[in-house]
Each structure stands twice: as structure tokens, then as C-alpha cells.
Amino acid sequence: MEGLRQQKDGLRARMRRIRNSISSDERMRLADDIQANLFRLPQVAGVETILLFYSFGSEVPTAGMIQRLLDTGTRVLLPFLEGSDMRAAELRPGESLAATTYGPKEPSQRVPVDPAEVDTVITPGLAFDAQGYRLGYGGGHYDRYLRRLRRDSFRVGIAFHLQVVSSVPHGPEDQPLDFVVTDQETIDCRLHPNTG
């Protein structure tokens, strides 16, 4: 486990540098392409309840995606932390968001929604591979949350193409995604099963 942690930490540092190197103008342009690809997925455009995240720093900007979903009547959930546990609450049109000490904004009305109600989760991350493994920020919040979803819920990672790597170090606790959507492609990870 110590070796796995070191591998993840090394890749985390490298991918932060790569993602931070994208200029803000380029980030917005690429985000438009990511959003276009994302909304072509029936698992996004045609579902009732989606858990998205409010981006911060050099992440793929998500404010436009959130607004687009709200405008189409999709029920949008955003994550929030209770201690070390990630939960999700509904964001209603016009509702304000609350700042956090760790980065992303959270819903100001923190009423947890049962994970069984979530049709699709759209996750952030630092690195992704074609098998669906993602490298997060090290807290394990999304992996623990993804385990609580229905079996037929979809798991989608969004990233800049530069964040796709040949292999993300992973262990038994890491939950694979169904799709990875970037500015250049949509990877159906179910077609690339993990072989070990």
C-alpha cells in the first residue's frame, strides 16, 4: 500500500503541474468542447438526477454545465462534506452556494439526497485512464460515494485531454468510471476492462 500511495502522490504532483499550465482562456475554450461532448451522452442529456461538482482552481469549469442542466429541468446535486463523508444536496435554480475552506463551493441548503436517487455522477480528478480509473486529490471521498450508488447509475469523469494517461495506479478501494469525457474524446471505459 505504501508503494501505491507513493505512485499516486508522484502522478498527482505531475498532473497538477500539467493542468495548472493550461491558460485560463484555453481552459474556457476546452471546457466548451468538453461540455459539448458530455451532453452528447444519453447518460447525461436524458436523465433525471445528476451529481456534478462546482469546479475550482484549474479544474474543468463546470458553472456553464450546471446552468445548462438546471435550464433543461434536470435535478442537479452538488457534493458537500460532513466530516470525512461526502454527501450530495440538490441545487435549485437561483439558490446561492457556500464557500468552503477546501476549494469547491457547496450547496447552502445541505439536505442529503439518498445516493440511490442519483442517475449519473460526474467526477473531477487529476488523471484518468481508458479503464476508467481516476486519480483524485487523495481523500477517497468520491470512491466511497460511488460504492453507494445503484448498480445502474453511470459514473462519468470529465477532464482535459492532457489529463488522460496510459494507466492510473489503483487499488481495491478505487472505483472505476463508465466514461471519461475530454475536449478531444469520449472514452467508453466499459470497452477497456481492467485486466489486473
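Start with the lining of the largest cavity, which by class has five nonpolar, two polar and two charged residues. Here Ala, Val, Leu, Ile, Met, Phe, Trp, Tyr, Cys and Pro count as nonpolar, Asp, Glu, Lys and Arg as charged, and the others, Gly among them, as polar. To see this lining, select Arg-19, Phe-53, Glu-59, Val-60, Pro-124, Gly-125, Tyr-137, Ile-158 and Gln-163. The space inside has a volume of about 40 Å³, and the structure holds one cavity of 30 Å³ or more.

Two notes before you go on. The model is predicted, so local features need pLDDT of at least 70 and side-chain atom pairs count only at pLDDT 80 or more, while totals for chains, interfaces and linings use all residues. Residues are numbered from 1 along each chain as its sequence is written, and side-chain values use heavy atoms, with hydrogens and water left out.

As for the terms, a cavity is a set of points on a 1 Å grid over the protein atoms alone where a 1.4 Å probe fits but cannot get out; a pocket is an open set with protein on both sides within 12 Å along at least five of seven lines, and lining residues have an atom within 4 Å of a point. Grid points are joined across faces, edges and corners, and a volume is the space filled by probe spheres set on the points.

**Arg-19 and helix H1**

Stay with Arg-19, which lies in helix H1. Helices (H or I, at least four residues) and strands (E, at least two) are DSSP runs, numbered from the N terminus. Arg-19 is buried, at 6% relative accessible area; buried means under 20%, exposed over 50%, and partly exposed in between, with a 1.4 Å probe and protein chains only. Leaving aside neighbours within four places in sequence, Arg-19 is in contact (heavy atoms within 4.5 Å) with Arg-27, Ser-58, Glu-59, Gly-125, Leu-126, Tyr-137, Phe-160 and Gln-163.

Now select the whole of H1. Its 19 residues reach 27 Å from the first C-alpha to the last, close to the 27 Å expected at 1.5 Å a residue; the expected span is 1.5 Å times one less than the number of residues. Which residues of H1 are buried? They are Leu-4, Lys-8, Leu-11, Arg-12, Met-15 and Arg-19. Looking down the axis of H1, you will find these within an arc of 115°, so they line one face of the helix. The arc is that of the directions from the helix axis to the C-beta atoms. Arg-17 and Asn-20 are exposed, on the face of H1 turned away from its buried side. The cover over the buried residues of H1 includes H2, strand E7 (127–128) and E8.

Move to H2, where Arg-27, Leu-30, Ala-31, Ile-34, Gln-35, Asn-37 and Leu-38 are buried. These residues line one face of the helix, because they fall within an arc of 155° seen down the axis of H2.

Next, select H4 (residues 63–71) and pick out the buried Met-65, Ile-66, Leu-69 and Leu-70. They sit on the same side of H4, because they cover an arc of only 135° around the axis. Helix H2 (24–38), helix H3 (42–45), strand E1 (49–51), E2, strand E3 (85–91) and strand E9 (154–158) are among what covers them. Just after H4, look at Gly-73, which takes a positive phi of about 85°.

**Ile-50 and Thr-120**

Go to Ile-50 in strand E1, buried at 0% relative accessibility. Not counting residues up to four places away in sequence, Ile-50 touches Val-44, Leu-69, Thr-74, Arg-75, Val-76, Leu-77, Thr-120 and Ile-122.

Beyond its neighbours within four places in sequence, the contacts of Thr-120 include Gln-43, Val-47, Ile-50, Phe-154 and Val-156.

**The largest pocket**

Finish at the largest pocket, which holds about 740 Å³ of space. Of its 36 lining residues, the closest to its centre are Tyr-137, Gly-138, Gly-139, Gly-140 and His-141. Helix H1 (2–20), strand E2 (75–82), strand E8 (134–135) and helix H5 (141–146) each give two or more residues to the lining. That lining divides into 18 nonpolar, six polar and twelve charged residues.
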